[in-house]
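Biologist: I'd like to go through this model with you, one question at a time. Could you show it first?

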Amino acid sequence: MADTPLLEIKHLKKYFRVPAGQNHAVDDVSFTIERGETLGVVGESGCGKSTLGRTIIRLLEATDGQVLLNGEDITHIKGKKLKEAREKLQIVFQDPYSSLNPRLRVESAIMEPLQHSGRFKSKAEMKAEANRLMELVGIDERLRQSYPHELDGGRRQRVGIARALALNPEFIVCDEPVSALDVSIQAQVLNLLMDLQDQLGMAYMFVTHDLSVVRHIANNILVMYLGQAVEKAPTEELFNEPLHPYTKALLSAIPSVDIHKPMQRIQLKGEITSPINPKPGCRFAARCPYACELCEEPQVLEEVRPNHFVQCCRCKEINGL
């Protein structure tokens, strides 16, 4: 069991039926997450980052593929087994306001998952546990009888984090948890998440479009483009030596404050391929300066360096590997 990854995602697919056909929101994505690790998932809006997270924790049903938790396939489990699995898999949503019940006070909102779990014999026990969780995430005692609309965004997100922690999960999807917050509050929430990980040993999948944030928190980064994983590597290696043309363009857009090293922005041209009934082959080819006939064939995510995976048939040629 010690050698088994906490989460193993195998060829996961999530398609949505739309009038024009099938929207391939997540298409054949595979990776593993170890205990205590943070995987950052990045890519432009609409690339399938949030859908991937929600499919993993069973908020959405997978079209195909497998999700293995501690070596056990949880992709299609139901009833009691699903409830037990969901206690180990939690999510912190992007908008801390819409994810909370406006009619519940902070303490009641945190007690809600404790109530449903059936682990506690009395209300006093639940209340004590809720107070412990609020202390853990830094919610002042004076705010515990407040309603969500009486709190600022940072404190609301702390309530969301406390709810996610309520049942001692092993894995949490952080779905852009700081994008709706001010910059100073973002830093506080990020530091809180990292401190909690050190204390409790959970693994995170951190979904974001902010590359400076993901560099700060993630051990490994998965880059997505139109539903597919195009590159996965350790964080510093990906930032220092990106190998996929899309990753290079994405990183070139990070604002620079170094006046001696101005930005060298890679501007992509061409139309974005539709994710509805896409043709086999590289979905980035229409915007890629290195595209050729080989790119029309199905692409495979392969390991080109130790623990560095790229989905590009011309990767070695382009990068001189």
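Biologist: Which residue is the bridge partner of glycine 40 in strand 9?

Modeller: First, a caution: this is a predicted model, where local features need pLDDT of at least 70, side-chain atom pairs count only at pLDDT 80 or more, and totals for chains, interfaces and linings use all residues. Residues are numbered from 1 along each chain as its sequence is written, and side-chain values use heavy atoms, with hydrogens and water left out. Helices (H or I, at least four residues) and strands (E, at least two) are DSSP runs numbered from the N terminus, and two strands pair if DSSP finds at least two bridges between them. Strand 3 and strand 9 (residues 220–225) pair in the parallel sense over four bridges, and there the partner of glycine 40 is isoleucine 221.

Biologist: And which residue in strand 8 stands opposite leucine 39?

Modeller: Strand 3 also runs parallel to strand 8 (residues 203–207), joined by four bridges. Opposite leucine 39 you'll find methionine 205.

Biologist: How many of the five residues of strand 3 are buried?

Modeller: Buried means under 20% relative accessible area, exposed over 50%, and partly exposed in between (1.4 Å probe, protein chains only). In a regular strand the side chains alternate between the two faces of the sheet. Here Thr38, Gly40 and Val42 point one way, Leu39 and Val41 the other, and all are buried. So strand 3 (residues 38–42) is mostly covered, and the buried count is five of five.

Biologist: How wide an arc do the buried residues of helix 6 cover?

Modeller: The buried ones are Gln186, Val189, Leu190, Leu192, Leu193, Leu196 and Gln197. They sit on the same side of helix 6, because the arc they cover around the axis (taken from the directions from the axis to the C-beta atoms) is only 155°.

Biologist: Which exposed residues are on the face turned away from the buried side of helix 6?

Modeller: The buried side has cover from elements including strand 3, helix 4 (123–137) and strand 8. The face turned away from it carries Ser184, Asp198 and Gln199.

Biologist: What about cysteines: how many disulfides are there?

Modeller: A disulfide here is a pair of cysteine sulfur atoms within 2.5 Å. The sulfur of cysteine 282 is 5.7 Å from the closest one, in cysteine 295, so that's too far for a bond. Cysteine 313 is in no disulfide either, with the sulfur of cysteine 295 nearest at 3.9 Å. By this rule the count is zero.

Biologist: Is cysteine 282 buried or exposed?

Modeller: Cysteine 313 counts as partly exposed, because its relative accessibility is 38%. Cysteine 282 has a relative accessible area of 17%, so the word for it is buried.

Biologist: Last one: which residue's side chain has a polar contact of 3.0 Å with that of glutamate 61?

Modeller: Glutamate 61 is in the loop between helix 1 (49–56) and strand 4 (64–69). A polar contact is a pair of N or O atoms within 3.5 Å; within protein, one must be able to donate a hydrogen and the other to accept it, and residues adjacent in sequence count only if both atoms are side-chain atoms. The partner of glutamate 61 at 3.0 Å is arginine 58.

Key. Contact = heavy atoms within 4.5 Å.
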